[in-house]
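Visitor: I would like to learn how to read a structure like this one. Please take me through some features, one at a time.

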Amino acid sequence: MTTQTDGLMQDWALTADKILTSAAAQFPDTRIVVRREGGDIGRSNYAELEQNARRIAHALHNFGISGSDRVATLMWNNYHHLLTWYGVMGMGAVLHTLNPRLHSGQLAWIINDAKDRILVIEKGFTGLIGEIADKIPSVELILIATDDVDVAPIGNIPTKTLMEFAGGVSPDTVWGGFDENRAGSLCYTSGTTGNPKGVLYSHRSNFLHALVANQTNAFGLSAMDVVMPIVPMFHANAWGLPFIAPMAGAALVMPGSRLDGGSVLELIEQEGVTFTAGVPTVLQDVLRIITERGSAPETLRRIVIGGSAVSTDMVRAFDAFDIRVIHGWGMTEMSPLGAISMVLPDEAALGNEEKLARRCRQGRTVFGVEAKIVDEAGKVLPNDNKAAGALLVRGPAVVKRYFNHQKDAVDADGFFDTGDIAKIDEHGFIQLVDRSKDVIKSGGEWISSIALEDALCSHPSIRRAAALARSDEKWGERPIVILEVEDDDPLGTSDVIEHLRPLIPKWWLPDAVGFAQLPLGATGKIDKMKLRAMLDGSEGPELIPTVPVKKETA
């Protein structure tokens, strides 16, 4: 007698082509709104997007692109990016999103590491690619997403318009039909500690991440929503929103390159956006405008903020306009969502400050992500909101090995070290204490640069703050802070120290304060690697020593 050990269900591959095919069938007329390079508004829908993506796929087949080849994009969030996104993945090749905020030398390194065969770029980036055209030998063709009829070659690389490449091609082509574990997209980390590392997502991991991220306890999107991804598609797949929105049947509003608060707000109000997601720097500008005028968009109800910690003041301010801020945490290596500040049944019993503190933590892990904290010896620490240790994660959308690396990036149990130091409470809420490379170790104890920066940014005159470690003969390391302040708000070092005194332990008070425009990295975060280099050189901000503070134990 034979024992049946396997299930008897259909083998239905979890691949990206199915997401768009389903959207085109179920929500054909759902709108896709795009702000073009010139500022005018373009309109399309899911049915049209699928047909045009199939044309891209057909043209790629004709060119000789195969399943393991990489096609790179250098574009903002727009229709042509969506078109290329699904065209490349739909035919089984690898879509590689490039970050236009990177230095040209970094772009060349990444393109060469990925061995991209085709680049699809916006017209505005022709100069950037022109700088490196002779340094990217793997690139055989450049496609420019423009309405112009003719384009000039970039260096010695053949160049066409995207319309010339695929405009007259039939949508009847090979579409899907491959294994769900095939690589679908490639994204490189920001490279804050050395060269960037490539994270090669499978179709399966992207599909599962989209399902997980759209649980009711997470993004919770439906066909009733109008979604604007402010976070760019080159930042960890725009947090999965280009997959999630069509999967849910939500309308998409793509803001293009105009990410100032006024332009974003105009599009939100014009198109009735209900949900948006981005880093704090852009949304702070939106908040400033609606606060100054005293009114918010009628339709906007939820904002997911990630990339860096969200302040309690920002959450309070949006609350006043009945807009809920949802704090998310993750990494490129996690596809990227790892945790989100979801509502729990006990929230009604909490006081306002307790609710606020919970909402400003990184959140509880979403389904499909296992997390734990360990000490330096690898011993698992308790979830008591007191113990702090290295944060490790694993799951079906977490990286196992970096692209072009020989060794796995996980331990023997499959856990990936995030590089974060964290606490976890009894409800599973994660609170990052610091990045392991940024924590300040003073007198054998830790000073959290994140907590120190949060305290500084609660001052109304401080726009951004960076806390760094400086070597100290007695204590090992001591904190110094560099501040970017509002232009019309003069601030002195004594003001800074007095603001901090009631907010942090006395021994956390910085030994020196500097004022400067803080450098931002390609992901919109403060570039501490560059800031450290500035401080080591001759052009760094002047540091003003503070009154020496006697070290006290916590």
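**Reading helix, strand and ring**

Guide: Of the 12 residues of α3, 11 are buried, so the rest of the structure largely encloses this helix. Buried means under 20% relative accessible area, exposed over 50%, and partly exposed in between (1.4 Å probe, protein chains only). Helices (H or I, at least four residues) and strands (E, at least two) are DSSP runs, numbered from the N terminus. This is a predicted model: local features need pLDDT of at least 70, side-chain atom pairs count only at pLDDT 80 or more, and totals for chains, interfaces and linings use all residues. Residues are numbered from 1 along each chain as its sequence is written, and side-chain values use heavy atoms, with hydrogens and water left out.

Visitor: Which residues in α3 are buried?

Guide: Tyr79, His81, Leu82, Leu83, Thr84, Trp85, Tyr86, Gly87, Val88, Met89 and Gly90.

Visitor: What span should helix α3 have, and how far apart are its end C-alpha atoms?

Guide: The expected span of a helix is 1.5 Å times one less than its number of residues. For the 12 residues of α3 (residues 79-90) that gives 16 Å, and the end C-alpha atoms are 16 Å apart, which agrees.

Visitor: What caps the N-terminal end of α3?

Guide: Start with polar contacts. These are pairs of N or O atoms within 3.5 Å; within protein, one must be able to donate a hydrogen and the other to accept it, and residues adjacent in sequence count only if both atoms are side-chain atoms. Here Asn78 is the cap, with a side-chain oxygen 3.2 Å from the backbone nitrogen of His80. After α3 comes Gly92, with a positive phi near 95°.

Visitor: How many aromatic pairs are there?

Guide: Rings of Phe, Tyr and Trp (its six-membered ring) pair if their centres lie within 6.5 Å; planes under 30 degrees apart count as stacked, over 60 as edge-to-face and the rest as tilted. By this rule there are 9 aromatic pairs. Take Trp12 and Phe207: the ring centres are 6.2 Å apart and the planes are at 85°, so the pair is edge-to-face. Trp12 lies in the segment before α1 (16-26) and Phe207 in helix α7 (residues 203-213), so the pair ties together parts 195 residues apart in sequence. Phe207 counts as buried, at 8% relative accessibility.

Visitor: Which aromatic pair does Tyr86 form?

Guide: Tyr86 pairs with Phe243, edge-to-face, at 6.3 Å centre to centre and 85° between the planes. Tyr86 is in helix α3 and Phe243 in helix α8 (residues 241-248), 157 residues apart. Both Tyr86 and Phe243 are buried.

Visitor: What lies over the face of Trp12?

Guide: A charge sits over a ring if NZ of Lys or CZ of Arg is within 6 Å of the ring centre and within 35 degrees of the ring normal. Lys18 is placed this way over Trp12, 4.9 Å from the ring centre. Lys197 has its charged end over the ring of Tyr402, 5.5 Å from the centre.

Visitor: Which way do the residues of strand β13 point?

Guide: In a regular strand, side chains alternate between the two faces of the sheet. In β13 (residues 302-305), Arg302 and Val304 point one way, Ile303 and Ile305 the other way, and all are buried. Two strands pair if DSSP finds at least two bridges between them. Strand β12 (residues 275-278) pairs with β13 in the parallel sense over 4 bridges. Phe275 stands opposite Arg302.
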